[in-house]
Amino acid sequence: MYKNTPLFYSSKGTGNPLVLLHGFLESSSIWDPFIDKLSEKRQVITIDLPGHGKSGNFGETHSMDLMAEAVLNILQKLEVKEVTLVGHSMGGYVSLAFCKKFLIMTKGLVLLNSTPESDNEERRKNRDRAIKILRKSKNSYINMAISNLVSVKNRELFPEELEKLKKEALSFSEEGIIAALKGMKIRTDETSTLTLYNGPKYIVAGVNDSILNFSDVEIVADKTNCIFLPLSGGHLSFIENKSELEKFMYFID
Ligand code: MLT
């Protein structure tokens with residue numbers, strides 16, 4: 001519980017803590033296939049961010065700062081002092097907000113299919129459009145939004161995984177989804193936070209990412225002095241390129 005509202009997390013293993021943060025319309029369950037391996041040599045913590053999975057809603061807007069404070073609350077409960085964060089997409093935005101607010105606790109950062117840049121005008125308009133569609137039909141919005149996350153080539157290769165994501169996202173409340181869309185829309189540009197951060201930092205990008213342009217992300221990685229890891233597939237590297245991602249995550253620090 002956090003602010004009298006459920007905030008779900010799990011922790012497995014001992015050693016240097018690794019926090020895994022899911023993206024928009026996802027939950028901590030995306031990390032289930034990775035936990036056993038990664039927790040062989042360290043503590044692995046997963047969290048359902050506000051409005052997602054089994055966690056409740058904390059307001060009309062779930063800003064990246066609010067989500068980072070929720071992460072801090074779990075770490076305090078677990079008495080964890082320093083963490084490496086891996087954030088998928090929106091989870092990456094939250095990881096950067098965490099790094100900015102709680103720098104001394106941040107031991108390493110991995111932006112997975114994510115970017116430090118804020119929304120441009122077009123993306124902001126798309127957030128408003130998404131809220132309208134969602135209010136009309138949650139079902140069609142979720143179907144469309146999740147199908148769009150996977151590279152066109154891979155859509156037919158992972159039908160079960162996509163079905164599972166859609167089914168889970170349908171269980172999230174409309175208010176929780178809208179709160180995240182509003183939070184992402186108002187998030188600030190954290191390029192300088194990432195540039196100034198001098199711990200180990202990585203950007204992992206899908207070559208065929210349909211949400212974030214691969215070349216733009218490559219330029220951002222260069223500009224912010226991040227180690228850049230390109231992976232085949234699209235926005236959902238944890239599904240589309242599980243084995244490469246697992247290898248990478250196993251050997252971070
Ligand atoms: C995500 O996967 O978390 C979202 O696509 C991120 C975004 O919409 O900016």
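Trainee: Where is Tyr-197 placed?
Mentor: Tyr-197 sits in the loop between helix 8 (191-196) and strand 6 (201-206). Please keep in mind that this is a predicted model.

Trainee: Is Tyr-197 buried or exposed?
Mentor: Tyr-197 has a relative accessible area of 5%, so the residue counts as buried, the limit being under 20%.

Trainee: Which residues does Tyr-197 touch, leaving out those up to four places away in sequence?
Mentor: They are Cys-99, Leu-103, Thr-106, Lys-107, Gly-108 and Leu-109.

Trainee: Changing topic: which residues touch the most other members of the largest nonpolar core?
Mentor: Phe-98, Tyr-141 and Met-249 do, in a core of 84 residues. Helix 2 (residues 64-77) gives the most to this core, namely nine residues.

Trainee: What about the helix packing of helix 5 and helix 6?
Mentor: Helix 5 (residues 138-147) packs against helix 6 (residues 159-170) at an angle of about 140°, and their axes are 10 Å apart. The crossing of these two helices is right-handed.

Trainee: How do the residues of that contact divide?
Mentor: Between helix 5 and helix 6 there are six nonpolar, three polar and two charged residues in the contact.

Note on methods
Residues numbered from 1 in each chain as written. Predicted model: local features only at pLDDT ≥ 70, side-chain atom pairs only at ≥ 80, totals over all residues. Heavy atoms only, no water. Helix = DSSP H or I, 4+ residues; strand = E, 2+ residues; numbered from the N terminus. Buried < 20%, exposed > 50% of the residue type's maximum accessible area, 1.4 Å probe, protein only. Contact = heavy atoms within 4.5 Å. Core = buried A, V, L, I, M, F, W, Y, C linked by side-chain atoms within 4.5 Å. Axes fitted to C-alpha atoms, helices over the stretch in contact; angles between N-to-C directions. Left-handed = near helix turned anticlockwise from the far one by under 90°. Nonpolar A, V, L, I, M, F, W, Y, C, P; charged D, E, K, R; others polar.
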